[in-house]
Amino acid sequence: MLAQIKNILEVKELRDRIVYTLLIFAVYRLGTHISVPGIDAQALTSYFNSAGGALFNIYNLFSGGALGRLSVFALGVMPYISAAIIMQLMTAVVPTLERYQKEEGDYGRWKISQYTRYLTLAISAFQSLGLAIWISNLKTETGQTLVSESTIVFIITTTIIITTGTMFLMWLGEKITEFGIGNGISMLILASIVARVPDAIIKTYELLRVGEIKVFTAAMAILVIVVVVAGIIYIQEAERRIPIQYARRNVGAGGTSATYLPLKLNPSGVIPIIFAVAILMFPATIAQMFAEQSHLARVIVDALSPQSYVYFVIYVALIIFFAYFYTAILINPNDVADNLRKNGGFIPGIRAGQQTAEYINYVLTRLVFAGSIFLAIIAVLPMLLIRWLNVPFYFGGTSALIVVVVALDTLHQMEAHLAMKRYEGFLKRG
């Protein structure tokens, strides 16, 4: 372990990327503690602690506690994730966007990124407005409002500030992707979740000390988390290796050379989890703002609460759907088969071309089915067990999945940088 850390620190480019990512994290965490003007932050935190509910807890978790303080980053990166989901779905049905993605290369990807940013702006403005209106109508137990200035001024300024904060956060994520380590948006979500863990541990220890929860209950919760982490690592690292043979092209050499095509059990990584949470949180958040005025909104909030069995069923269905959907975007069996054919590669016993594409699709479909079911079980089972054990913090399957998968992806990127550096050094010595 120490040797690996030493190797990482010896590579200047990798060291600079890590430092850059940590600086972005510092800016992000600073922003989560800057509340919007005109709000009693302490009274708001007390209100959320007493009447926030499970929906607030999960949203506050993904925002790193920013929502509970109504900070400039109160919405986190969820508006961007919602926009990315919408753009991915539209790419599959709108011919112009499909052409941008498949035929226009870098320009097409840039155009889709621009449309995603515009959509993020619209979604964040809408959610910021709804959040500002909802907060302005909240009252303490004594009947006083939480807003200390004119309601209209508070709504306008809060909408502008939180929308701007969301767009700035999106920009920070893009900078991490470009100059730091890992996928920027996923890294920001990772930072949000990890930042809440120490507070959850302290609260649990205090409840253990005063006897409100039993040692056995806490030990069972820890055991569940350990088992979940082990299962996540297993599913994320598992792969099916399809043997590939290439005809030798060296002059005077005959026969074939063998290799393999690796297909991961979970090719889409953490994306199905993040997309599923974003899809469920969007209508639930809107309904929460009108829950006191509308019976229908109250029903929707109760149905989409993380403690509801309806939530579990929809959550599992969305994870399976997005696992297939995102895998279809990442891996095109026809393109893989065509590349193999062009390079003289073939799967033993399978004819090159269409039959190879059908075989790869056959294997991939079954791999994704097993992987998505396993992913859904890991995501839901800890939530159910923690609910039955009454553990007083939310660090279930969803949080563990995101943290572990993003951490694994980041480690793989570091290893790739180290391998590339060693390869460059070999060329220089030669």
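The following exercises, each with a worked solution, concern a predicted model of a protein chain.

**Exercise 1.** Determine how many helices and strands the protein chain has, and what share of its residues is buried.

*Solution.* Begin with the secondary structure: the chain comes to 17 helices and 3 strands. Next, consider burial: of the 430 residues, 46% are buried. Finally, examine the contacts with a separation of 6 or more: 73% of them join residues 24 or more positions apart.

**Exercise 2.** State where Leu70 lies, and decide whether Leu70 is buried or exposed.

*Solution.* First, locate the residue: Leu70 belongs to the loop between helix 5 (66–69) and helix 6. Second, inspect the backbone: phi of Leu70 is near 50°, a positive value in a residue other than glycine. Third, apply the cut-off, by which buried means under 20% relative accessible area. The relative accessibility of Leu70 is 1%, and therefore Leu70 counts as buried.

**Exercise 3.** Describe the largest pocket and identify which helix gives the most to its lining.

*Solution.* Start with the volume, which is about 1600 Å³ for the largest pocket. The lining consists of 47 residues, and the closest to the pocket centre are Gln88, Asn183, Tyr326, Ile329 and Leu330. Now sort the lining by class: 19 residues are nonpolar, 18 are polar and 10 are charged. Lastly, compare the contributions: helix 6 (residues 78–93) gives the most, with 7 residues.

Definitions and conventions:
Residues are numbered from 1 along each chain as its sequence is written. This is a predicted model: local features need pLDDT of at least 70, side-chain atom pairs count only at pLDDT 80 or more; totals for chains, interfaces and linings use all residues. Side-chain values use heavy atoms; hydrogens and water are left out. On a 1 Å grid over the protein atoms alone, a cavity is a set of points where a 1.4 Å probe fits but cannot get out, and a pocket is an open set with protein on both sides within 12 Å along at least five of seven lines; lining residues have an atom within 4 Å of a point. Grid points are joined across faces, edges and corners, and a volume is the space filled by probe spheres set on the points. Helices (H or I, at least four residues) and strands (E, at least two) are DSSP runs, numbered from the N terminus. Ala, Val, Leu, Ile, Met, Phe, Trp, Tyr, Cys and Pro count as nonpolar, Asp, Glu, Lys and Arg as charged, and the others, Gly among them, as polar. Buried means under 20% relative accessible area, exposed over 50%, partly exposed in between (1.4 Å probe, protein chains only). Contact means heavy atoms within 4.5 Å.
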